[in-house]
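The entries below follow the order in which I went through it.

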Amino acid sequence: TSFKPQALSNIVWAYATANEQHMELFNKIGDEIVAMNDLKSFKPQNLANTVWAYATANEQHPDLFKKVADEIVAMDEWKSFDSQALSNIAWAYTVANLDASSLFDSAFRQELLNRQNEFIDENLRQLYQWHLWQTKEKSNDGLPDSFRDKCKQIFSSADTRSSALQKDVVSELKSIGLH
């Protein structure tokens, strides 16, 4: 392909952010990334944005997620990811429900703990979802207790917003007489 890694990442990120569905595009880009010999040309932010975009767009591409996880493990350096990237990666694998136990190891959890004061509320909510997925679905270690409690408090105190789909469903139910 003539696209650079950042361009591939930016394309799927833009579609996901705009809530535009395009399964064929996501499949082609995912296949292109998987076909690359390695992902060393991807910056940490590109890797995080790519998996976040696939999870946000609800586009399944397990081979892509495996390739990204393998690349991050090979990097062996969580410090190159900013706090938002860390939480986006954790959340993306949670939403995609794709196990990556080699990725979410004790070094990952330690990096989260080291940076616990850097995360904004949105990141803390993502990390609490990851924690629940790790401990309830995967029977793995999650967040250390004190950090887990902080994430849970932020998660529980969040204002809820109905999505456009939820509003459409309610409207349709009301239109057929169900309230």
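I began with Asn-58, which is exposed at a relative accessible area of 56%; I take exposed as over 50%, buried as under 20% and partly exposed as in between, with a 1.4 Å probe and protein chains only. Asn-58 sits in the loop between α3 (44-56) and α4 (62-75), where helices are DSSP runs of H or I with at least four residues, numbered from the N terminus. I noted that its phi is positive, about 55°, although Asn-58 is not a glycine.

Before going on I wrote down that this is a predicted model, in which local features need pLDDT of at least 70 and side-chain atom pairs count only at pLDDT 80 or more, while totals for chains, interfaces and linings use all residues. Residues are numbered from 1 along each chain as its sequence is written, and side-chain values use heavy atoms, with hydrogens and water left out.

I then looked up Ser-139, which has a positive phi of about 55° and is not a glycine. Ser-139 lies in the loop between α7 (121-137) and α8 (145-157), and it is exposed, with a relative accessible area of 62%.

Next I turned to the two helices on either side of the Asn-58 loop, α3 and α4. Their axes come within 11 Å and cross at roughly 155°, the axes being lines fitted to C-alpha atoms over the stretch in contact and the angles running from 0 to 180 degrees between N-to-C directions. The helices α3 and α4 are therefore roughly antiparallel to each other, a label given to angles over 145 degrees. From α3 the contact (heavy atoms within 4.5 Å) involves residues including Leu-47, Val-51 and Tyr-54, and from α4 residues including Phe-65, Val-68 and Ile-72.

I also checked α3 against α5 (83-96): these helices pack at an angle of about 35°, with their axes 8 Å apart. Among the residues in this contact are Ala-48, Val-51 and Trp-52 of α3 and Asn-88, Ile-89 and Ala-92 of α5.

Which residues does Asn-49 touch, leaving aside its neighbours within four places in sequence? Asn-49, found in helix α3, is in contact with Ser-9 and Trp-13, and at 14% relative accessibility it counts as buried.

Asp-38 came next, in the loop between α2 (23-35) and α3, and at 34% relative accessibility it counts as partly exposed. A polar atom of the Asp-38 side chain lies 3.0 Å from the backbone nitrogen of Lys-40. Leaving aside neighbours within four places in sequence, Asp-38 is in contact with Lys-67 and Glu-71. I also recorded that the C-alpha atoms of Asp-38 and Lys-152 are separated by 37 Å, with the two residues 114 apart along the chain.

My last entry concerns helix α6 (residues 106-114), in which Phe-108, Arg-109, Glu-111 and Leu-112 are buried. Seen down the axis of α6, these buried residues fall within an arc of 160°, so they line one face of the helix; the arc is that of the directions from the helix axis to the C-beta atoms. The buried residues of α6 pack against α5, α7 and α8.

Conventions. Angles under 35 degrees count as roughly parallel, over 145 as roughly antiparallel, 65 to 115 as roughly perpendicular and the rest as oblique. A polar contact is a pair of N or O atoms within 3.5 Å; within protein, one must be able to donate a hydrogen and the other to accept it, and residues adjacent in sequence count only if both atoms are side-chain atoms.
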